[in-house]
Amino acid sequence: MQELTFLPVADHALMVQLGTEVSEALSAQVVALDKAIAAAGIEGVQETVPAFVNLLVEFDPLVTDHATLQAQITGCAERAEVRDNAGTLHEVPVCYDADLAPDLAAVAEARGISEEEAIALHLSGDYRVGMYGFAPGYAYLSGVTEALRVPRKPAPVRGIPRGAVLIAGPQCLVTTLKMPTGWSIIGRSPTEVLCNDPARPFLFDVGDRIKFRRIDRAEFDASYREDAT
């Protein structure tokens, strides 16, 4: 476990920093610490929010304080069991037909490869959920291979539908709402990441692994729900 840095970010929240560079090893440590804090049942802790390199701990300031919580989290870190592939593996279907993947050709051209080669590179990746952010259910996945990486677009495009499979730099994402994006759209998935369940609002947990599976248009059309939220 990396040496922890603590930053009070509100009277009811403490940021625990484990490092500065995104990596599989650091992500595994964040997940391990998150689970250790949950297992400890620390009085006053209301929620933990894991991300790529840090963990936000929200608490009831009438029950505990920053200093007490820092000491307890340090103890949790000493007991945490770090496992490289502890997360659940999810298979996510994706269709790469041209009208569902408007940026696939541009990505392939930018990388000097064919569209089929770009699809194969995307399918070969081993992705991990690093954090949620930006919009409900937006699970940021690390793991895009160097050969497929492209930068964000200069300006966002509006009206991108739910299920769009996006890449930018080393990250990938499946959209959950109709939203603008500056990322490249290389396919679309019928997978519903938003679960509409207050007890479990998202399909994935931080630390879970994702494998994409190619499907044809018939399978996509049979599975995709236009009214899903």
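I looked up Thr176 and found it in the loop between strand S10 (171–174) and strand S11 (179–181); strands here are DSSP runs of E with at least two residues, helices are runs of H or I with at least four, and both are numbered from the N terminus. I note that this is a predicted model, in which local features need pLDDT of at least 70 and side-chain atom pairs count only at pLDDT 80 or more, while totals for chains, interfaces and linings use all residues. Residues are numbered from 1 along each chain as its sequence is written, and side-chain values use heavy atoms, with hydrogens and water left out.

Is Thr176 buried or exposed? I read 3% relative accessibility, so Thr176 counts as buried (under 20% relative accessible area, with a 1.4 Å probe and protein chains only). Its side chain reaches the backbone oxygen of Pro136 at 2.5 Å.

Next I turned to helix H4 (residues 115–124), where Ala118, Ile119 and His122 are buried. These residues cover an arc of only 100° around the axis, which puts them on the same side of H4; the arc is taken from the directions from the helix axis to the C-beta atoms. I then listed what the buried residues of H4 pack against, namely helix H3 (104–111) and strands S6 (127–132), S9 (164–168), S10, S12 (184–188) and S13 (209–214), with contact meaning heavy atoms within 4.5 Å.

For the whole protein I recorded five helices and 13 strands, and I noted that 48% of its 229 residues count as buried. Along the principal axes, the C-alpha trace spans about 55 × 35 × 30 Å.

Note on methods: Buried < 20%, exposed > 50% of the residue type's maximum accessible area, 1.4 Å probe, protein only. Polar contact = N/O pair within 3.5 Å; in protein donor to acceptor, adjacent residues only side chain to side chain.
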